[in-house]
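Morning, everyone. Let me put the structure up, and then I'll go through the ligand site and the cavity.

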Amino acid sequence: MTSAAPPQAAGVMFCGDKPLDLSTPQLMGVLNITPDSFSDGGQLYRDGELRADVLCRRAEAMVDAGVAVLDIGGESTRPGATAVSEQEELDRVLAALAVIESRFDAIISLDTSSPRVITEGAAAGAAVINDVRALRRPGALEAAAAAGLPVCLMHMRGEPGDMQDQPHYDSVVDEVSTFFAERIKAVELAGIPRSRVLLDPGFGFGKTPEHNFTLLRRLGEFLVLGCPLAVGLSRKSMIASVIDRTMDQRVSASIALALMAAERGARLLRVHDVRESSDALAMLTAMEQVGL
Ligand code: 9MG
């Protein structure tokens, strides 16, 4: 039988001067400032230009729907994506930050692995660093420590260009757990306390559908590491491994996966469809608040 999320250390995490209350699951809305991201590429950035009006409308709709965090990324990390130069990524991200930071009160996270983007993005108002490479790029740890912001450390096997070439694990849960423990040690040594760390198993990043569903089913096992869990399941290809759906047709399945993750202890859910996800989470929270 499914029960309420296991007990965990998630309380309020300060992101700069903004509190992020992780005592209940919160939403992180995806804003890809890229021409080629896997679900929404080209909507906010096209022909070398930020579409500022579209970005504002998208961010406003997310904030109205109750998003806690807006996640801005200037590099596509979809499987097979080609790398972008650091300067190009920086230009995209700073242009988006300039549009969003002054208009919205939501916490802004930066989806980046680049030390320079971390440093300059933090100076421009980003308040969380969301790194799919878990601060493994040279200089990234030091840049994040100097920024003094919470970090979301995601597990990825390989790089976006090759990560889906026959990924293999003897035990995916044990290997992701070992990776998390090693990264927690590294960030603590660099001066980032565990209380400012979120962990994310990286659904779809160097994993088969079976690896992804195993990680989801056993997500609660990562809670022993003492950090709140983040997940990104929205519109991912693990859905299409079960039901034949295009990106736009994956909303219902994405909500189902988000709810399963929240029930297993996830506290930050990275989503495209904020209104639908927020409605679903409200039902979970209502159920969990009634007495037994
Ligand atoms: C940037 N990005 C794309 N997918 C992601 C996921 O699953 N988790 C996090 N933290 N970031 C992601």
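I'll start with the ligand and then move to the cavity.

This is a predicted model: local features need pLDDT of at least 70, side-chain atom pairs count only at pLDDT 80 or more, and totals for chains, interfaces and linings use all residues. Residues are numbered from 1 along each chain as its sequence is written, and side-chain values use heavy atoms, with hydrogens and water left out.

Which residues are around the ligand? Asp 111, Asn 130, Val 132, Cys 152, Met 154, Asp 200, Phe 205, Gly 232, Lys 236 and Arg 270, each with a heavy atom within 4 Å of it. Four of this shell are nonpolar, two polar and four charged. Here Ala, Val, Leu, Ile, Met, Phe, Trp, Tyr, Cys and Pro count as nonpolar, Asp, Glu, Lys and Arg as charged, and the others, Gly among them, as polar.

Now the polar contacts, meaning pairs of N or O atoms within 3.5 Å. The side chain of Asn 130 has an N or O atom 2.8 Å from a ligand nitrogen. For Asp 200, a polar side-chain atom sits 2.7 Å from a ligand nitrogen. Lys 236 places a side-chain N or O atom 2.6 Å from a ligand oxygen. The protein covers 96% of the 300 Å² of accessible area that the ligand has on its own (Shrake-Rupley method, 1.4 Å probe).

On to the cavity. Its lining has 13 residues; Ser 234, Ser 254, Ala 258, Arg 270 and Val 271 lie nearest the centre of this largest cavity. A cavity is a set of points, on a 1 Å grid over the protein atoms alone, where a 1.4 Å probe fits but cannot get out, and lining residues have an atom within 4 Å of a point. The lining divides into six nonpolar, five polar and two charged residues. Arg 270 is also one of the residues around the ligand.

Definitions and conventions. Polar contact = N/O pair within 3.5 Å; in protein donor to acceptor, adjacent residues only side chain to side chain. 1 Å grid on protein atoms, 1.4 Å probe; cavity = no way out; pocket = protein on both sides within 12 Å on 5 of 7 lines; lining within 4 Å.
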